[in-house]
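Q: Hey, I've got a structure open and I'd like to chat through a few spots in it. Can you help me out?

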Amino acid sequence: MSRNGVVVVAAGKGSRMGAPESKQYLQLQGKPILVHTLEIFERTPEIEAVVLVTGSEDIGRCITYVEKYGLTKVVAVASGGEERQHSVRIGLERLPEGIEVVAVHDGVRPFVTEAKIAECLHKAHEAGGAVLAVPVKDTIKVVDDSGRIDSTPDRKSLWAVQTPQAFRLGLLRQAHELAVRDGFIGTDDAMLVERTGHSVYIVEGDYTNIKITTPDDMLLAQRLLERTQMGEDEPS
Ligand SMILES: Nc1ccn([C@@H]2O[C@H](COP(=O)(O)OP(=O)(O)OP(=O)(O)O)[C@@H](O)[C@H]2O)c(=O)n1
Ligand SMILES: C[C@](O)(CO)[C@H](O)COP(=O)(O)O
């Protein structure tokens, strides 16, 4: 059996949510968003170890959640960095020996499915790097600083990427080292791996795998959770 781990990053401040506390700790049906996310990885048989990265002030409550919710796969709770990329790098250092493929997942994406996690891991074993993504539905414009539309890229080639993003561990570590060397900060891990020249592949995901970012997303998340619990439609 292949050995896979996940780094769940949850050290952000949630400024766009504008809530009194970081959004990963907001409650959805009586449980923090982050716990909903961690429970999915707990249930996913392909995942052996979970490293949770959070704010230094939240380490204590995360350890309490690990015990309270029986999150037996969590092997470390680490203190994150200034940017998401720094938090990922810190998490990579806390994985157990022998992990071959690591997934990186946002703590605020609580609707990813076990099946999509498995598909992403499988593709990363095969190709080195794979990310969940969905085809863009809107027409996208490139706009300059004055608000004038500069161009309209062909939608056929545009995908909105999500997490998990899975990579062979050595490759992702090398990509992070290169980014540090060059002073490069990216908004996802695939960007760092792309810079190494290694190919990263898309695995088609679900539109329901949202990143809870703004207050509107909380309303949607509530409805998605109800739907999941009622065993309604398949994810879209
Ligand atoms: N220094 C950081 C910044 C972000 N994250 C995590 O990365 C994920 C995606 O980031 P985002 O949605 O941008 O979260 P925030 O940075 O918290 O939000 P905002 O940009 O609105 O402040 C979140 O789970 C967040 O906690 C992190 O671990 N460390
Ligand atoms: C990694 C990510 O969730 C992929 O969509 C996204 O890039 C995170 O970006 P953010 O700026 O931290 O929201």
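This is a predicted model: local features need pLDDT of at least 70, side-chain atom pairs count only at pLDDT 80 or more; totals for chains, interfaces and linings use all residues.

Q: Okay, so at what angle do helix α5 and helix α6 pack?

A: Helix α5 (residues 169-182) and helix α6 (residues 189-196) pack at about 85°, and their axes are 8 Å apart. That angle falls in the 65 to 115 range, so α5 and α6 are roughly perpendicular to each other.

Q: Which residues in α5 and α6 meet?

A: From α5 you have L171, L172, Q174, A175, H176, L178, A179 and D182. On the α6 side they meet D189, L192, V193, R195 and T196.

Q: And what's that contact like by class?

A: The contact of α5 with α6 has 7 nonpolar residues, along with 3 polar and 3 charged ones.

Q: New topic: T163. Where is T163 found?

A: T163 sits in strand β10, which covers residues 159-168.

Q: Is T163 buried or exposed?

A: T163 is buried: its relative accessible area is 3%, and buried means under 20%.

Q: What does T163 touch, then?

A: Not counting residues up to four places away in sequence, T163 touches R84, V104, H105, D106, R109, V112, L132 and N209. With R109 there's also a polar contact of 3.4 Å, joining the two side chains.

Q: What about S151, which strand is that in?

A: S151 is in strand β9, residues 149-151. S151 is partly exposed, with a relative accessible area of 32%.

Q: Which residues is S151 in contact with?

A: Leaving aside neighbours within four places in sequence, S151 is in contact with I140, K141 and V142.

Q: How far is S151 from K13?

A: Their C-alpha atoms are separated by 34 Å, and S151 and K13 are 138 residues apart along the chain.

Q: Which residues form the aromatic cluster?

A: Y25, Y65 and Y69 form one aromatic cluster. Y65 is buried, by the way, with a relative accessible area of 14%.

Terms used. Residues are numbered from 1 along each chain as its sequence is written. Chains are lettered from A and ligands numbered from 1 in the order in which they are written. Side-chain values use heavy atoms; hydrogens and water are left out. Helices (H or I, at least four residues) and strands (E, at least two) are DSSP runs, numbered from the N terminus. Buried means under 20% relative accessible area, exposed over 50%, partly exposed in between (1.4 Å probe, protein chains only). A polar contact is a pair of N or O atoms within 3.5 Å; within protein, one must be able to donate a hydrogen and the other to accept it, and residues adjacent in sequence count only if both atoms are side-chain atoms. Contact means heavy atoms within 4.5 Å. Axes are lines fitted to C-alpha atoms, for helices over the stretch in contact, and angles run from 0 to 180 degrees between N-to-C directions. Angles under 35 degrees count as roughly parallel, over 145 as roughly antiparallel, 65 to 115 as roughly perpendicular and the rest as oblique. Ala, Val, Leu, Ile, Met, Phe, Trp, Tyr, Cys and Pro count as nonpolar, Asp, Glu, Lys and Arg as charged, and the others, Gly among them, as polar. Rings of Phe, Tyr and Trp (its six-membered ring) pair if their centres lie within 6.5 Å; planes under 30 degrees apart count as stacked, over 60 as edge-to-face and the rest as tilted.
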